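I set out to record, entry by entry, what I looked up in this structure. The notes are kept in the order in which I took up each topic.

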Number of protein chains: 2
Amino acid sequence: MSGSDSPRVVLVAGTTRTAEIDGISAAGASREALLHTPGADAELLTHGDVVRAPAVPVSPTGCPTPALVTRAVRELLGFDAAVVDGGLARPTGAPTVSVGARPGRDIREADPVQTAPGAFTAGREFGRALPDDRIVVGETVPGGTTTAMAVLRALGEDEIRTSSSLPENPLDLKREVVSEAFATSEIEPGQAAHTPELAVRFVGDPVLAVASGLVAGALESGTDVVLGGGTQMLAVAALVRHAGVPRPATLATTSYLASDVPNLDSAAASFDLDLTVSDPGFEAPEVGPLSAFADGVGKEGAGMGGALALAGEAGRLDEVTPATLDVLDRVTDREQGPERSD
Amino acid sequence: MSGSDSPRVVLVAGTTRTAEIDGISAAGASREALLHTPGADAELLTHGDVVRAPAVPVSPTGCPTPALVTRAVRELLGFDAAVVDGGLARPTGAPTVSVGARPGRDIREADPVQTAPGAFTAGREFGRALPDDRIVVGETVPGGTTTAMAVLRALGEDEIRTSSSLPENPLDLKREVVSEAFATSEIEPGQAAHTPELAVRFVGDPVLAVASGLVAGALESGTDVVLGGGTQMLAVAALVRHAGVPRPATLATTSYLASDVPNLDSAAASFDLDLTVSDPGFEAPEVGPLSAFADGVGKEGAGMGGALALAGEAGRLDEVTPATLDVLDRVTDREQGPERSD
């Protein structure tokens, strides 16, 4: 669309109350901020600013949301974007496609994602029907790396280390949460092999259900798929393979995420994913607040790795830093209100 | 967005069962087709093809939906599009913003649009929050010219003749339906002056509620608004003025619509609307199936007039015919399936 040959970027946005466990997510400073984060990311992608969400998401240490990077690349390349509701908990001003997903409960509860099988099926039908030749799929769900870890374990694919939106990955806490999830669940680790919708229903989140259904359907109908993200998109790939869809795809992620996951290459290969790693160069001296990405906060998310791969394909990766700073300035000015003149 | 300076096109898509009255609408050949038409139009605008809708809408006489024209202009100019759910009755593959509208009932029932006041308010908040400098607002709602006539009458603005999607405007039938609507309603003609949300609730449709709220909010927050459409968008303007929002706007429509509404100029002026009339040239010999527009079927709708105005601003109005034929060919081939080789 829009004169460019860039594929459509599809962002699956939703929530799991797993994110509210202390220390799990960097996606928002308070419970309310966490609940608004996916909708805010969706608004940034589609409108270039927050609309109904109260603020641009920042981590507790001040790292802005990776959605700003995805938006900046969108402003450079002009790709189409679509948001699919993967269980949003607050109204969003971003247009969303509904496939019946509802907000996910804490995975330490017995049946946290009852809408998962239906959303997986409806997402798959939607993916099959998309007319696009190629799509990039991303996710935004605070707490999603923990649910991804649990889902990989439910599928029997738990040798993969999941990443984190925090500089020090709280792996021990995540493992404890995942263990508690299985303790209350109807399924054992490995028992959901070949039944991806049950893995997601009992220990996952609604974004994984929707994204894996969408990707499965798109691949089945001949659409090329780029998974833009990190370990959550790896979990999506695992779910797709366990749904019996063999067609290869691509995992496009950031250098920051790749540094955090030592066995990413082999994990991607095991799910028939080509791996594309992009370095946006946020460690350069002029990047200002974007250095938080290079410091290991917000390594990936909201399709950032996929957008960077598109920028790389277009030979415009070096324009991403100034474009992201422009978006950041614009949304920050707006938040401070029109009366601020300095 | 996307490198172009075109404003965002916002399509409000929804339903009223008023459309099911025999002879009222050309938007679909059967009840089920009517219910799918707004979602199909939204999918054509955002995806370039139908996705979840079963078919590209055509009138009983074979005129394709004006959404194809809006999409064609989008492919030329690369403008951003957003769809707002104005009471869709079937799931759509187009991403939509929800402001709480539900499908409208037949206006001959006593209280056909109970969600109107809430949707008007939520639409107004959404319109206020939009970061855009300028937006184009369009509608797709089969049966909408009849509900627009009733709403104008409820506001005491009923000197305006409303248009039709049929070559012979069934004015007598519409007047009869409108009379029956007032007979069962709590309000009399003129009684809803200054209470637009009640006009829409008692004799309107949910698209009018959402579109007028959205336009009122956008104008209040300093966004320039182009109403892309015909008499339904005039009714939106009337509702906005009756909501106490005085800021001028533009009505951008087609030459086919303008020919059908003799007092359009004065009506637009009475609501502080600049009038832009665009002629896409669909009476030329090479237009094939598009000649149905020039014959008076599907004169306007799905933001067609607004899109044509944008094409005119860009000096590319003469490219609209081939671009629309391209879109029509593409979506027709797809409907006939990949196995068709001739």
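Predicted model: local features only at pLDDT ≥ 70, side-chain atom pairs only at ≥ 80, totals over all residues.

**Entry 1: the strands of chain A**

I began with strand S1 of chain A, residues 8–13, and listed its partners. S1(A) pairs with strand S4 (residues 134–140) of chain A in the parallel sense, over six bridges. S1(A) also pairs with S2(A), again in the parallel sense, over five bridges. I then asked which residues stand opposite A:Leu11 in these pairings. In S4(A) the residue opposite A:Leu11 is A:Gly138, and in S2(A) it is A:Val83.

S2(A) and strand S3 (residues 96–98) of chain A are joined in the parallel sense over three bridges, and A:Asp85 lies opposite A:Ser98 in S3(A). From S4(A), I found a parallel pairing with strand S5 (residues 224–228) of chain A over four bridges. There A:Arg134 stands opposite A:Asp224 in S5(A).

For S4(A), six of its seven residues are buried, and the strand is mostly covered. For S2(A), residues 81–85, the count is five of five. Which residues of S2(A) lie on each side? A:Ala81, A:Val83 and A:Asp85 are on one side, A:Ala82 and A:Val84 are on the other, and all are buried, leaving both faces of the strand covered.

**Entry 2: helix H12 of chain A**

I checked how far helix H12 of chain A, residues 304–313, is enclosed. Eight of its 10 residues are buried, so H12(A) is largely enclosed by the rest of the structure. The buried residues are A:Met304, A:Gly305, A:Gly306, A:Ala307, A:Leu308, A:Ala309, A:Leu310 and A:Ala311. After H12(A) comes A:Gly315, and I noted its positive phi, near 70 degrees.

**Entry 3: a helix pair in chain B**

I took up helix H4 (residues 144–154) and helix H5 (residues 171–184) of chain B. They pack at an angle of about 55 degrees, and their axes are 9 Å apart. I therefore recorded H4(B) as oblique to H5(B). The crossing of the two helices is right-handed.

Which residues of H4(B) and H5(B) meet? On the H4(B) side I listed B:Thr145, B:Thr146, B:Met149, B:Ala150, B:Arg153 and B:Ala154. On the H5(B) side they meet B:Leu171, B:Lys174, B:Arg175, B:Val177, B:Val178, B:Ser179 and B:Phe182. The residues of this contact divide into seven nonpolar, three polar and three charged.

**Entry 4: positive phi in chain B**

Most residues other than glycine have a negative phi. B:Asp272 is not a glycine, yet its phi is positive, about 55 degrees. B:Asp272 lies in the loop between helix H10 (264–270) and strand S7 (273–278) of chain B.

I located B:Ala302 in the loop between helix H11 (291–294) and helix H12 (304–313) of chain B. Is B:Ala302 buried or exposed? B:Ala302 counts as buried because its relative accessibility is 4%.

I looked up A:Val203 in helix H6 (residues 196–203) of chain A. Its relative accessibility is 0%, so A:Val203 counts as buried. Beyond its neighbours within four places in sequence, A:Val203 is in contact with A:Ile107, A:Pro112, A:Thr147, A:Ala150, A:Val151, A:Ala154, A:Ala181, A:Phe182 and A:Ser185. I also noted a C-alpha to C-alpha distance of 9.3 Å between A:Val203 and A:Arg153, which are 50 residues apart in sequence.

A:Asp111 is in the loop between S3 and helix H3 (116–129) of chain A. With 15% relative accessibility, A:Asp111 counts as buried, the cut-off being under 20%. Leaving out residues up to four places away in sequence, A:Asp111 touches A:Arg105, A:Arg201 and A:Phe202.

Last, I placed A:Cys63 in the loop between helix H1 (31–47) and helix H2 (67–77) of chain A. A:Cys63 counts as buried at 4% relative accessibility. Its C-alpha atom is separated by 7.2 Å from that of A:Leu290, 227 residues apart along the chain.

Key. Residues numbered from 1 in each chain as written. Chains lettered and ligands numbered in written order. Heavy atoms only, no water. Axes fitted to C-alpha atoms, helices over the stretch in contact; angles between N-to-C directions. Parallel < 35°, antiparallel > 145°, perpendicular 65-115°, else oblique. Left-handed = near helix turned anticlockwise from the far one by under 90°. Contact = heavy atoms within 4.5 Å. Nonpolar A, V, L, I, M, F, W, Y, C, P; charged D, E, K, R; others polar. Buried < 20%, exposed > 50% of the residue type's maximum accessible area, 1.4 Å probe, protein only. Pairing = 2+ DSSP bridges.
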